[in-house]
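The entries below follow the order in which I went through them.

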Amino acid sequence: MKNTKYFMAAMVILFLSSCSDDFLDKQPLDTINTKNYPKTAEELVTVVNGAYQPLQWPKLYNLRMWTSDIMAGNSIVGAGGGTDGIETQNMSNFTVQPDNAGVLDLWRGPWPGILMTNIVLKSAPTLDIDENIKDRSMGEAYFLRAHYYFILARYFGDVPLTTVPLNSDDNLFPSRSPVNEVYDLIISDLKNATQLLPPKSAYGTQDLGRASKGAAYGLLAKVHLTLGNYQEAVDMITQVEGLGYALNPNYYDNFNIENENSQESLFEVQYASDGGYGFWDNENQASWASPFMGPRGANFVGGGYGWNQPTQEFMNQYEPNDKRKEVTVLYEGGPNFDGLPYQASYSYTGYNVRKFLVPISVVPSYDNSPMNFPVLRYADVLLMKAEALNELGQTSDAEIYLNRIRNRAGLNDIPLGLSQAQFREAVLKERRMELAFEGQRWFDLIRVNNGQYGLDFLHSIGKNNAAQKHLLFPIPQIEIDRNPNLTQNPGY
């Protein structure tokens, strides 16, 4: 594939190309060349493929995005104890400083993807190639650029906006743009993506996992929900509903490696076995979720590093007969895992995450889990619609969507006649249980009531260090040192 190398001080870079037919092929970041922009359809698709790759890296969905559930109070780091995962411990204890390694990962993670999407969006319009390939490639680039900026905006607020691939003659020290301008770009990009991308049903087997029209509408709905644009969120979700998505009958089917990119999946980060790169490298294709979250000493999965251990407070939120519990969490007395019983002594809390584990009988080595990571599921979309309708004063209509999620979980309908405030609490709790450990809870905490909902919750579970400033991360000090035009977030 194309070879690039990026300088994070500048957050923008230059580009070189070569080719591959495999959508999942990795792109080594080891060469700079400003002259060889894509000139053919094959080269353009290769750059698009490269734009997906940062999603797969530990800086984003292979580690940092799902550890946000630890910050959100669903779990503790666990791991090996002591200083193992100290950066995540500090993030979750709200003692984070600008030199925190996890914060640096989240800041640096999106920029290579933004670079490659900018290359696509600059190059594609000038190419004399098949219009379907051109439109799809540009749609994917718009979707991915919006996705990367959405991550940055929610974690950091104001961030530099770069919409063209810069070269060494340009200003490589951009200032932070106001977050409202970042959201303007995100919304514009996603609107463009909805027009250019094909529906998921149009993709053949080899292209499953690419961004689709439904993914763009769904992410745009989430952006509007985050901003409190509830009618716009409902409108976008209505578009998703017309595209053929459905809940899987069995909740477990969302985490079954034999059922990836299912009818419930709008978008998931793709992983694969035998990618040909080192497990600890950016270029690694295998998922970290199973080896990292597997219980220590249990011999359940390859690896088993014991990260992300659910808390007792989280476990107490399950209602009796909730079918999601035994899919989501390993607990003593629960169903065996691959024929083996779970023991509470395997973790500090007595629990481990189950939903992302691939049995050692299926993948015996620690470095080969092919388990995709869900970014946007139809269940999430239905819960967003329930929340948005309630905020619009249409609580009775919202009940239908919330109850669809509850009924699949084996739970009864919520009580009739809830007030708007009571329903809001009910839908946020349902989101917590349905989307547990999928990296969604933190963003729910910080968006409701300008983050006060999250602070109140965190204080209620003893995280008294959490303060208003922690709703955004600090800008990494190393980036400020390298770029004098960057400013620090308040309070750090």
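**Helix H7**

I began with the length of helix H7, residues 179–196: at 1.5 Å a residue its 18 residues should span 26 Å, and the end C-alpha atoms are 26 Å apart, so the two agree. I noted at this point that the model is a predicted one.

Next I asked which residues of H7 are buried. I found Val182, Tyr183, Leu185, Ile186, Ile187, Asp189, Leu190, Ala193 and Thr194. I then looked for what covers them, and the cover includes helix H6 (131–156) and helix H8 (213–227).

**The largest pocket**

I looked up the largest pocket and wrote down a volume of about 640 Å³. Its lining has 30 residues, of which Thr226, Ile446, Arg447, Asn450 and Gly451 are the closest to the centre.

Which helix gives the most to this lining? I found that H7 does, with five residues. At least two lining residues each come from H6, H7, H8, helix H13 (378–391) and helix H16 (441–447). I also sorted the lining by residue class: 14 are nonpolar, nine are polar and seven are charged.

**Helix H5**

I repeated the length check on helix H5, residues 111–123. Its 13 residues at 1.5 Å each should span 18 Å, and I found the end C-alpha atoms 18 Å apart, which agrees.

I then asked how many residues of H5 are buried. The count is 12 of the 13, so the rest of the structure largely encloses this helix. I listed the buried ones as Trp111, Pro112, Gly113, Ile114, Leu115, Met116, Thr117, Asn118, Ile119, Val120, Leu121 and Ser123. Among what covers the buried residues of H5 are helix H1 (41–56), helix H4 (101–108) and H6.

**Strands S2 and S6**

I turned to strand S2, residues 265–269, and asked how it runs against S6. The two strands are antiparallel and are joined by four bridges. Going along the pair, I found Ser265 opposite Arg377 of S6, and Phe267 opposite Leu376 of S6.

I checked burial for both strands. In S2, five of the five residues are buried, and the strand is mostly covered. Strand S6 (residues 373–377) is also mostly covered, with five of its five residues buried.

Asn308 is one of them, with a phi of about 65°. Asn308 sits in strand S3, residues 307–310. Is Asn308 buried or exposed? Its relative accessibility is 0%, and therefore it counts as buried.

The other one I noted is Asp338, whose phi is near 50°. Asp338 belongs to the loop between strand S4 (329–331) and strand S5 (351–353). With a relative accessible area of 43%, Asp338 is partly exposed.

**Two loop residues**

I stayed with the loop between S4 and S5, where Thr349 is also placed. Thr349 has a relative accessible area of 23%, so I wrote it down as partly exposed, the cut-off for buried being under 20%.

Which residues does Thr349 touch, leaving out those up to four places away in sequence? I found Ile76, Gln309 and Pro310. I also took the distance from Thr349 to Tyr331: they are 18 residues apart in sequence and 9.9 Å apart in space, C-alpha to C-alpha.

My last entry is Asn321, in the loop between helix H11 (312–315) and helix H12 (324–328). Asn321 has a relative accessible area of 66% and is exposed. Setting aside neighbours within four places in sequence, I found Asn321 in contact with Ala409, Gly410 and Leu411. Asn321 and Leu411 are 90 residues apart along the chain, and their C-alpha atoms are separated by 6.9 Å.

Key. Residues are numbered from 1 along each chain as its sequence is written. This is a predicted model: local features need pLDDT of at least 70, side-chain atom pairs count only at pLDDT 80 or more; totals for chains, interfaces and linings use all residues. Side-chain values use heavy atoms; hydrogens and water are left out. The expected span of a helix is 1.5 Å times one less than its number of residues. Buried means under 20% relative accessible area, exposed over 50%, partly exposed in between (1.4 Å probe, protein chains only). Contact means heavy atoms within 4.5 Å. Two strands pair if DSSP finds at least two bridges between them. On a 1 Å grid over the protein atoms alone, a cavity is a set of points where a 1.4 Å probe fits but cannot get out, and a pocket is an open set with protein on both sides within 12 Å along at least five of seven lines; lining residues have an atom within 4 Å of a point. Grid points are joined across faces, edges and corners, and a volume is the space filled by probe spheres set on the points. Ala, Val, Leu, Ile, Met, Phe, Trp, Tyr, Cys and Pro count as nonpolar, Asp, Glu, Lys and Arg as charged, and the others, Gly among them, as polar.
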